[in-house]
Structures are given as C-alpha cells and as structure tokens.
Amino acid sequence: RAVLALAASSLVPLALAFGLIPGSWIVRVPFLANVAHLDNTFTCVLIVLWSVLAGLGFAQAATRLGTREGRGDLVISGLLLFALVFAWIGFRQAGHRSIFGEGSSFAPVQPGRPVPVTDFIWTYLVSLLLAAAALGAAWRRAAQRGGLTPALALIAALSVLVMLWRHGLHAPSAFHPDYVLRPTMRADFHARSEAIDIMRATQRAEPSRGHGLNSAFSAGWTAAYGLESIHGPDALVNPWVRELVGLLPGIERIWDWRLYLEPKNVAAARPFLDALNVRYYFDQTSEHAALNAALQLVKATDLEVYESASFWPRAFFTDRVSVYKDAPDFVQQIKSGDGRPFAAAQQSDVDRQPALRTLGTELAGRTVIPAAHYRLTENNTSFSVRTNGPGVIVLAEAYWPGDFRAEVNGAKTAIVRLNHAFKGVVIGAAGDYQVTFRYWPKNFPRNLGLAGAGALLLAGSLVLGLRRPAPLRPLRPGLQAAADPAVLEG
C-alpha cells in the first residue's frame with residue numbers, strides 16, 4: 001500500500017515536470033500559473049517521493065536477496081544496467097536516418113563521426129560493471145549466510161572503492177587528471193571588499209539600492225552584505241514590481257528575474273533606476289566614456305563604484321499626485337519628467353481613495369521633501385519627515401494589500417499604492433511626522449494558530465504512539481479455572 005500510495009502521488013508532479021499536461025492548461029490554474037520553473041519545482045517533489053520509494057525498494061530487496069527471488073532481482077537489475085550501457089555505446093557511434101527533413105536526426109552524432117571515447121573511459125566502464133557484479137554477488141552470498149565473512153567484506157569494500165574512488169575529491173594527478181575530481185582553489189566569500197564598504201557606509205544615514213553592470217554585484221548574493229538590489233532569485237515576486245521592471249528601457253530580463261544592464265545602456269536606464277532608489281552602480285571592466293557621461297565615478301577599487309546624483313530618496317513627501325492609466329503610462333511620465341521625485345497613483349486606485357482626489361495633479365511647482373532619521377529592521381521601516389501642507393508620503397518599498405501596517409505619529413493610517421509598485425500614506429496637514437511601516441501579514445494570526453494546533457496534535461500523536469501498553473495483570477484463580485481449555489471445551 002505504501003508503494004502504491006507513493007507511486008500514485010508521483011503521477012501529478014511527474015506529469016507537470018515532464019510536459020504531459022499541456023502548458024495551456026497549466027496557465028489557467030491560479031497557483032500553478034505563477035510557477036516560473038515547473039520542471040525544477042516538481043522534480044524536487046519527485047526527489048522527495050522517490051527517495052522514500054527507493055528506500056522501500058532497498059528494504060524489500062534486502063529481505064529477498066538471500067532467497068530464490070533475490071537471484072531473479074539481480075538478473076533483472078543486470079539487464080537494466082546492460083540496457084543503459086548498450087544505449088550509451090550505440091548512441092555514441094550510430095547516426096540515424098533523417099526523418100524530419102534534411103539534416104534532422106535523433107542521434108547526437110552525424111553518420112561517420114562517432115563521439116570520441118578515451119581508453120580511460122573504456123577501462124573505467126569495464127571496472128564499474130565488474131565492481132557492480134561483484135558487489136551484487138557478495139551481497140547475495142552474505143544474505144544467504146546471515147552475515148559477512150572476511151572475504152565477502154573485502155570484496156564488498158573493494159567493489160565500493162572501485163565504484164566511488166573517482167568522486168572522492170582526493171585522487172592524485174597520476175590518475176588521468178582530465179577525468180578525476182580534485183579540489184581547486186575556492187573564492188574567499190569573507191574577503192573584504194572596499195567597493196562594498198563604500199556602499200555600506202552610506203546606508204547608515206540614508207538607505208539606497210545598488211545595481212551591477214554586466215555580472216558584477218550579483219543579485220541574491222548582495223543580501224549576504226545586507227545590501228539591496230532591485231532583483232534577485234526570489235521564490236515569490238510582487239506582480240506590480242515585475243510589471244514595472246519589465247518595462248525599463250536598456251535592461252534585459254534574463255531567467256525571468258535577473259535584470260542585465262550593460263554600460264552602454266546606463267544613460268537610457270538611469271532615470272528609471274533613479275525612481276527605484278538605485279544610487280550605486282558596480283562594474284569590473286567599465287566602458288568609461290559611456291559611464292562617465294551618465295554617472296559619477298566614486299572610486300576604482302576591487303570594483304569600480306559609480307554613483308547617480310539624481311537618485312530618488314527611499315521616502316519623501318510631496319504635495320501633488322499625478323494620475324496614470326497603466327504601467328506603460330507611468331513609465332512614460334518618468335521619461336518625460338524633470339528628473340525630480342514625484343508621486344503617481346493609478347486611476348483605479350484614485351477612484352477608490354477619496355483622500356487622493358483632494359490633492360493637486362499638476363506636477364509643475366510641486367514640493368518634494370526627503371525623509372530623514374531612517375531606522376530599518378527585519379520587519380519595520382521607520383523615518384521622520386516634515387511636511388508643508390497636505391500631500392502624500394511615498395516609501396519605495398514593495399506594496400502588498402493587507403500585509404503591512406502603517407503608523408503616523410503612533411496612529412494607524414491606511415496605506416495606498418503609489419508609483420505603481422510602492423506604498424505610501426496620505427497626510428492632511430503640515431507638521432512633523434514619524435512614520436512606521438510594519439510587515440504583518442493579514443493571515444499571520446490565523447496561520448500561527450494553525451501551526452500551534454498542529455504542533456499540539458503532533459505532540460499528542462507522539463505521546464500516544466510512544467506510550468508503552470499497560471502490562472497484563474494475572475487472572476484471579478476463579479477466572480484461571482474458567483479459562484482452562486478443558487473447562488471451555490466442556
């Protein structure tokens with residue numbers, strides 16, 4: 001039953017990972033439509049299920065190996081191994097006829113041009129097959145005898161050594177250096193970087209983001225330094241951020257999440273990266289003419305550090321809010337703007353937010369006041385700002401409905417979506433304000449309660465499962481006589 005349950009559970013992830021289910025069906029399912037790498041995701045599910053399935057198989061094989069059925073198991077395993085080796089040898093030298101037009105073939109090689117194989121590989125293949133046969137025979141003999149003899153233990157150890165020595169990462173170079181694995185010099189991930197120190201020093205006063213040119217300042221690894229970028233290999237991606245960065249000119253999106261920027265495209269991309277709070281740019285082999293025309297060189301050290309003097313603050317106050325129709329319209333407003341920060345709200349949000357309709361929409365002559373005294377923690381962003389009248393405070397951190405709480409001078413305040421992907425609050429009068437945005441998912445209390453209930457149920461199950469049964473008490477003499485077989489039979 002366990003094998004059938006695991007096999008049945010594997011059918012759905014197997015069908016998703018290997019294309020049995022059409023893509024046109026998958027994109028209609030709300031959750032699955034957001035999974036970018038179906039093959040990676042669901043083969044990981046298969047690894048978990050099939051690891052348990054393989055464990056059951058090995059356990060079953062161990063109980064059968066010393067019996068007559070065990071001999072048949074070894075024969076079947078040998079035939080399967082022969083089929084793999086047969087296919088490898090055949091496809092290295094066999095060219096198939098064209099069946100889908102001239103030059104098309106299922107074979108990895110063209111006729112008359114086999115894949116070259118060195119003498120080392122042929123020798124290694126033969127040694128692997130002999131070692132596998134010897135290990136299977138020794139294992140079966142040990143199962144029949146009920147244990148390992150010194151001779152069988154030596155055969156098994158030598159077989160395992162022959163099968164695994166090449167992957168031991170300690171083989172000397174005398175064994176064909178092209179085919180053995182040996183440790184190489186690794187990069188020091190804890191080495192000090194002066195370029196990184198430059199950016200980290202400025203974050204204490206005012207938070208900002210960085211972006212790497214070509215492949216510098218690798219996305220994702222920047223978190224190891226406590227620095228922010230505008231992209232990364234995140235499991236979940238905010239849809240408004242995804243839509244916005246997909247429209248940035250001069251930037252190529254690779255692997256669905258990596259934003260690739262070359263020096264020649266910095267001038268076109270800089271106004272939009274300014275709006276995303278990108279202050280620093282890092283490169284190794286810069287095209288100085290292109291970069292110097294758009295940025296300021298801070299210092300050339302292990303990386304060349306460039307700075308944009310026009311980057312938008314992480315948080316700021318402004319007394320005007322422009323209205324845009326969709327993401328391309330907002331990008332166009334940045335392109336045609338004067339380079340100074342501004343706030344914009346999508347028309348659909350303005351219709352639902354009466355407070356936004358009371359503010360002016362003409363950006364000319366707007367007031368822009370940067371925030372100060374930032375304090376960033378794992379879940380909170382706090383800052384202070386002085387306003388000169390009604391307006392909005394924009395925070396360039398991703399918006400998500402219901403998962404954040406905002407406090408203005410200690411009072412809870414509604415959050416509005418601004419600049420398409422970010423969040424802010426509406427301010428009704430001039431004054432000094434202390435603003436805090438706190439991450440608190442709307443379903444967190446419910447999920448915490450469910451997790452606690454699950455932990456209690458698990459603990460109760462463990463107590464019941466590990467509890468020893470109560471010992472049987474001896475029967476009283478009268479009951480013993482009644483339980484005597486002769487009495488019962490009579």
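Is R352 buried or exposed? R352 counts as exposed, because its relative accessibility is 57%. (Buried means under 20% relative accessible area, exposed over 50%, partly exposed in between, with a 1.4 Å probe and protein chains only.) The notes below start from the basis of the model and come back to this residue.

1. **Basis.** This is a predicted model: local features need pLDDT of at least 70, side-chain atom pairs count only at pLDDT 80 or more, and totals for chains, interfaces and linings use all residues. Residues are numbered from 1 along each chain as its sequence is written, and side-chain values use heavy atoms, with hydrogens and water left out.

2. **Helix 3.** This helix runs over residues 38-64 and has 27 residues. (Helices, H or I of at least four residues, and strands, E of at least two, are DSSP runs numbered from the N terminus.) From first C-alpha to last, helix 3 reaches 38 Å, close to the 39 Å expected at 1.5 Å a residue. (The expected span is 1.5 Å times one less than the number of residues.) The buried residues of helix 3 are L38, F42, L46 and L49. They pack against helix 1 (2-17) and helix 2 (23-26). (Contact means heavy atoms within 4.5 Å.)

3. Strand 1 pairs with strand 4 (residues 278-283) in the parallel sense, over four bridges. H211 has Y281 in strand 4 as its bridge partner.

4. The structure holds 14 salt bridges. (A salt bridge is a side-chain nitrogen of Lys or Arg within 4 Å of a carboxyl oxygen of Asp or Glu.) One of them joins the side chains of E307 and R279, at 2.8 Å, N to O. E307 lies in strand 6 and R279 in strand 4, so the pair ties together parts that are 28 residues apart in sequence. E307 counts as buried at 18% relative accessibility. R279 counts as buried at 15%.

5. **D349 and its two partners.** Back to R352: its side chain meets that of D349 in a salt bridge (2.5 Å, N to O). The two residues are three apart in helix 12 (residues 347-352), so about one helical turn separates them. D349 counts as buried, at 9% relative accessibility, whereas R352 counts as exposed. D349 also forms a salt bridge with R417 (2.8 Å, N to O). R417 lies in strand 16 (residues 416-418) and D349 in helix 12, so this pair ties together parts that are 68 residues apart in sequence. R417 is buried, and so is D349.

6. **R366.** This arginine sits in the loop between helix 13 (354-357) and strand 10 (368-370). R366 is buried, with a relative accessible area of 6%. A polar atom of its side chain lies 3.0 Å from the backbone oxygen of R340. For the backbone oxygen of L363, the distance to a polar atom of the R366 side chain is 3.1 Å. Leaving aside neighbours within four places in sequence, R366 is in contact with T318, D319, R320, D338, R340, P341 and F342.

7. Strand 14 (residues 404-408) pairs with strand 18 (residues 431-439) in the antiparallel sense over five bridges. V408 has V435 in strand 18 as its bridge partner.

Terms used: Pairing = 2+ DSSP bridges. Polar contact = N/O pair within 3.5 Å; in protein donor to acceptor, adjacent residues only side chain to side chain.
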